[in-house]
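Hi,

Here is the structure I promised to pass on to you. Have a look at it first, and then read on for what I found in it.

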Amino acid sequence: MKRGKIRLRRLRLSTALVLLVIFSIGCQEPPPEKVQVLTYPSLRESFDQDFQHFLETALEKEFRGEYKRAVENKKAAFVVVDSTNLQQPRVAGVNPDVMMYAASLPKIAILLGAFVKIENGEMLLNDETRAGLMRMIRKSSNEDATAILNRVGFEDLAEILQSQRYRLYDPEQNGGLWVGRDYSGGPVWKRDPLHHISHGATAFQVARFYYLAMTGRLISEQYLSDFAEIMSDSDIQHKFVKGLKKANSDAEIYRKSGTWKEFHADSGVIVDKKAGYQYIIVALMEHPKGAGVIARFAALVDQMMVRFHPVSNKK
């Protein structure tokens, strides 16, 4: 593959999106009585002091006064999760629980709602549905997002996001992912209860969305390859994709972004198999130059990951 071109390959199950695996322990006969289930920590309990310090220092050096003002005014939010070791993630964030308008990024919530319906036998993952989901994520199609949202239902999606299984919108954590309006420009169904935002997100809950996927807890195992395929090969080459194009041509990107006026958002999982690391990255910003800032942020974070995985990068 030519240098400088980002490799947007389909995800293999052994890399970015990892299945929930159960290992048998004991003799071959009779069947083992004990099993060991992989367990994963809460991301909220996985903030790492060194990782946090490194992120804050790098941001201050790169963006200086511009960064400081945006953060102080709560016009910017960032979360990074080093997920190279899924059982020992390292989290860093700036304004991680600030809820912001996120434009098309919350289409990942509609994607989740569709897979829940598919798991429950209420929707079929046929060619038409798969194509619609791909256009919704890869091309950010508003028409497909609206059509799929109408099939899932506003009430059902809000229930899924707030359910005990997911808690991706959690009033106790200042909100999270919310879809209260379709993407056709129609009337608002319901703005989020805390901030009255129609298409909203917090950086932390978006990071949790990806971590749940990577640890096999977002959707059932049989649909993980479909999920990964839908999240790959973005047709929109800005923000994270643009930032990583020069910074890391080996990066595999599984992402969803959003843009509306001065509101800019991007999110995803970045995998560098050659260097041996992977991470979750989320950025939300309200700023006229937000798209460029987010592109620079992606390059900055990738450089940070290289620093945190020096042994891998010597191979």
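A definition to start with: two strands are taken to pair if DSSP finds at least two bridges between them. Please keep in mind, too, that this is a predicted model.

Five strands form an open sheet in the order β4-β3-β12-β11-β10, and the pairing is antiparallel. At the edges sit β4 (90-94) and β10 (252-260), each of which pairs on one side only. From one strand to the next the twist averages 5 degrees. Between β3 (residues 76-82) and β4 there are five bridges, and Asp-82 stands opposite Arg-90 in β4.

Two helices pack on this sheet. Helix α1 (residues 49-72) touches β3, β4 and β12 (277-286), with its direction at about 15 degrees to that of β4. Helix α6 (residues 203-214) touches β3, β10, β11 (263-272) and β12, and its direction makes about 155 degrees with that of β12.

Asn-95 lies in the loop between β4 and β5 (99-101). Is Asn-95 buried or exposed? Its relative accessibility is 16%, and buried means under 20%, so Asn-95 counts as buried. The side chain of Asn-95 reaches the backbone oxygen of Val-71 at 3.0 Å. Beyond its neighbours within four places in sequence, Asn-95 is in contact with Val-71, Lys-74, Ala-76 and Ala-77.

Finally, α7. Seven of the eight residues of this helix are buried, so to speak mostly covered: Leu-224, Asp-226, Phe-227, Ala-228, Glu-229, Ile-230 and Met-231. The elements covering them include α2 (107-119), α3, α6 and β10.

How do α3 and α7 pack, and at what angle? Helix α3 (residues 127-138) and helix α7 (residues 224-231) meet at about 45 degrees, with their axes 8 Å apart, which means that α3 is oblique to α7. On the α3 side the contact is made by Arg-130, Leu-133, Met-134, Ile-137 and Arg-138, and on the α7 side by Asp-226, Glu-229, Ile-230 and Met-231. By class, that contact has five nonpolar, four charged and no polar residues. Just after α7, Asp-233 takes a positive phi of about 55 degrees.

Best wishes

Technical notes: Residues are numbered from 1 along each chain as its sequence is written. This is a predicted model: local features need pLDDT of at least 70, side-chain atom pairs count only at pLDDT 80 or more; totals for chains, interfaces and linings use all residues. Side-chain values use heavy atoms; hydrogens and water are left out. Axes are lines fitted to C-alpha atoms, for helices over the stretch in contact, and angles run from 0 to 180 degrees between N-to-C directions. Helices (H or I, at least four residues) and strands (E, at least two) are DSSP runs, numbered from the N terminus. Angles under 35 degrees count as roughly parallel, over 145 as roughly antiparallel, 65 to 115 as roughly perpendicular and the rest as oblique. Contact means heavy atoms within 4.5 Å. Ala, Val, Leu, Ile, Met, Phe, Trp, Tyr, Cys and Pro count as nonpolar, Asp, Glu, Lys and Arg as charged, and the others, Gly among them, as polar. Buried means under 20% relative accessible area, exposed over 50%, partly exposed in between (1.4 Å probe, protein chains only). A polar contact is a pair of N or O atoms within 3.5 Å; within protein, one must be able to donate a hydrogen and the other to accept it, and residues adjacent in sequence count only if both atoms are side-chain atoms.
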